[in-house]
Amino acid sequence: MRIQSLTLREIHLKLIAPFETSMDRVTERRIILAEVRIDGLSGWGECTAGESPFYSPEDTETAWHILKKYLWPALKGREINSAADVWPLLEHVRGHNMAKATVETAIWDAEAKLKNIPLWKLIGGERTEIPCGVSIGIKDSLDELSATVKKELGAGYQRVKIKIKPGKDIQSVQRLRQDFPRIKLTVDANSAYRLDDLPLLKQLDAFYLMMIEQPLGWDDLFGHVQVQKELQTPICLDECIHTYEQAEAAISLGACKIINVKLGRVGGLLQAKRIHDLCQRHNVPVWCGGMLESGIGRAQNIAMSTLPNFSLPGDVSASARYWQEDVITPEVTVTPQGTIKVLDSPGIGFLPRADRISSITVRQDHLT
Ligand code: OSB
Ligand code: MG
């Protein structure tokens, strides 16, 4: 496989409704799409960096910069045997995992297409249908929150995650447990609490949540060890896990019992698979997180979610929950049972819509 060119496109996509977390409120996504040309065909990847560095240190601008200045020069013209050869070529750049995953995942798509097989089969996936949950942003009122949950359950989703932050936590969970006593419910704090908040976090034990996601600092493994020791509810780490080594440390120190794997956060499919395998060996279930992706990133997430240890419902949900119109065809849809049926077409399986993408592209760079 010879890596011929990389086209970066920044697209702007307005969310159907603003998404509010303890970090910020997003109304419009600025997404970088990567199109890699290899042996005459195109592979597609998506950058999951946010508009601001509030979830991770990367943002859309840093990812574009790193891709152009450091990652592409390390890849251009290279002859590789597999997309698995990409990570070692990028590893000398420290961090910037989302930038790395943008191009790495595109090359996985290209490899699968060259072999004329679905990406999920190429990486060793087994599921033909994946279980889906939703991530619900912070709402202005408890009534609005409850109504939103009701609607998502009506659509079939198997578990509900709500975003929490100080002042918008116990009451929200209490209300949902009143209205929906039996649903699979989880909360995600995106690092909004400190170890001093342990008494409050302990109160969450009363609501038999499936897990509490990332209560403490984005890089604070030590703090999470203390919290997991004191709580019955499993801690799930998101932000903290950006490398295989962090995952190893988190598991062996007892910082969590569940891990949320995101392709961008860990630097692409090779690393995601390694972390998946590590967790499987330790009986730590994983699930696929979401970053408000367009259809390209969503399709990559679906492929990853077919790996056997992705045993819990993820945050990968229907295109129509986010966008008036997605950038792929078909759009991602969810069955009334709250699953996504995995496609058998080559590569990521969903086709990028060239016309739609070019109509929302605000900048483009063709690198050779
Ligand atoms: O913490 O999982 C998170 C979105 C942006 C940044 C971080 C997170 C999220 C989500 C949304 O929870 C998941 C999705 O629906 O894509
Ligand atoms: Mg999270």
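The largest pocket of this predicted model is lined by 42 residues, and Leu15, Phe19, Ser135, Leu292 and Tyr322 lie nearest its centre. A pocket here is an open set of points, on a 1 Å grid over the protein atoms alone, where a 1.4 Å probe fits, with protein on both sides within 12 Å along at least five of seven lines; lining residues have an atom within 4 Å of a point. Two or more residues of this lining come from each of β1 (3-20), β2 (25-38), β5 (133-136), α5 (142-154) and β6 (159-163). Helices (H or I, at least four residues) and strands (E, at least two) are DSSP runs numbered from the N terminus. The largest share, 6 residues, belongs to β1.

The space in the largest pocket comes to about 710 Å³, where a volume is the space filled by probe spheres set on points joined across faces, edges and corners. Its lining holds 16 nonpolar, 10 polar and 16 charged residues. In this division Ala, Val, Leu, Ile, Met, Phe, Trp, Tyr, Cys and Pro are nonpolar, Asp, Glu, Lys and Arg are charged, and the others, Gly among them, are polar.

Ligand 1 sits in the largest pocket, in the sense that more than half of its atoms lie within 2 Å of the pocket's grid points. Around ligand 1 are 15 residues, the closest being Ser135, Lys163, Asn190, Leu292 and Tyr322; a residue counts if one of its heavy atoms lies within 4 Å. This shell has 5 nonpolar, 3 polar and 7 charged residues.

Polar contacts (pairs of N or O atoms within 3.5 Å) tie specific residues to the ligand. A polar side-chain atom of Lys163 is 2.9 Å from an oxygen atom of ligand 1, and for an N or O atom in the side chain of Lys161 the distance to a ligand oxygen is 3.1 Å. Met291 takes part through a polar backbone atom, 3.3 Å from an oxygen atom of ligand 1. Taken alone, ligand 1 exposes 390 Å², of which the protein buries 96%; these areas follow the Shrake-Rupley method with a 1.4 Å probe.

The second largest pocket has a volume of about 430 Å³. It is lined by 23 residues, with Gly95, Asn97, His242, Thr243 and Arg265 closest to its centre. At least two lining residues each come from α3 (97-114), α9 (244-253), α10 (263-266) and α11 (269-281), and α3 gives the most, 3 residues. By class, the lining has 8 nonpolar, 7 polar and 8 charged residues.

Two backbone details remain. Thr329 and Pro330 are joined by a cis peptide bond, with omega about -5 degrees, and Pro330 lies in the loop between β12 (328-329) and β13 (339-341). Ser191, a residue other than glycine, has a positive phi near 70 degrees; its place is the loop between β7 (184-188) and α7 (198-203).

Residues are numbered from 1 along each chain as its sequence is written, and chains are lettered from A and ligands numbered from 1 in the order in which they are written. Local features need pLDDT of at least 70 and side-chain atom pairs count only at pLDDT 80 or more, while totals for chains, interfaces and linings use all residues; side-chain values use heavy atoms, leaving out hydrogens and water.

Technical notes
A polar contact is a pair of N or O atoms within 3.5 Å; within protein, one must be able to donate a hydrogen and the other to accept it, and residues adjacent in sequence count only if both atoms are side-chain atoms.
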